[in-house]
Amino acid sequence: MRQENIMHYHQVEPAAWSYYMRVHRSMEEDQMERVARLASQSAVVIFSVSSCCMCHAMKRLFCGMGVNPTVHELDQDPKGKDMERALMRLLGIGINSTSSAVPVVFIGGKLVGPMDRVLAFHISGTLVPLLKQAGALWL
């Protein structure tokens, strides 16, 4: 008699999957809330990675304008990767994308966006009024 190889799969119980999804969703929501809280604590907030040259350029842009941004270095935060995923979600960047989420700028607690959006505001002349309205610039 020939013995057949039969594959046995472990099925995840629906209740376990539901629990996993609730926990995962809760962790994402926690990070989204943390990003929103940190973003609203200062007139200008930059989420950055300390080794990123674009992040460095963004910080220099604001400092050169006389703005003292609050900078959150995600690579120096134990939950930085989770916060970066939350930022990617806010920006509409897929998790598997090769695009980076940083730098991300908030002005007056509102998402301005990544570097290209900030530079577009700067070039169009609308960045300075935003900074004045948020209380980051007085001139």
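Leaving aside neighbours within four places in sequence, which residues is Lys 59 in contact with? Keep that in mind while the view is set up.

Begin with the whole protein chain, which is a predicted model. Coloured by secondary structure, the protein chain shows five helices and four strands. Followed from the N terminus, the elements run α-β-α-β-α-β-β-α-α. Of the 139 residues, 31% count as buried. The chain exposes about 9500 Å², and carbon and sulfur atoms supply 55% of that area.

Next, select residues 53–64, which form helix α2. This helix has 12 residues and reaches 16 Å from its first C-alpha to its last, close to the 16 Å expected. Show the side chains of Cys 55, Met 58, Lys 59, Leu 61 and Phe 62, the buried residues of α2. Look down the axis of the helix: they fall within an arc of 155°, so they line one face. Turned away from that buried side are the exposed residues Cys 53, Arg 60 and Gly 64.

Then centre on Lys 59. Lys 59 counts as buried because its relative accessibility is 17%, under the 20% cut-off. Here is the reply to the opening question: apart from its neighbours within four places in sequence, Lys 59 is in contact with Ile 46, Ser 48, Val 71 and Glu 73.

Methods
Residues are numbered from 1 along each chain as its sequence is written. This is a predicted model: local features need pLDDT of at least 70, side-chain atom pairs count only at pLDDT 80 or more; totals for chains, interfaces and linings use all residues. Side-chain values use heavy atoms; hydrogens and water are left out. Helices (H or I, at least four residues) and strands (E, at least two) are DSSP runs, numbered from the N terminus. Buried means under 20% relative accessible area, exposed over 50%, partly exposed in between (1.4 Å probe, protein chains only). Contact means heavy atoms within 4.5 Å. Accessible areas come from the Shrake-Rupley method with a 1.4 Å probe; for residues, only the protein chains shown count as cover. The expected span of a helix is 1.5 Å times one less than its number of residues. The arc is that of the directions from the helix axis to the C-beta atoms.
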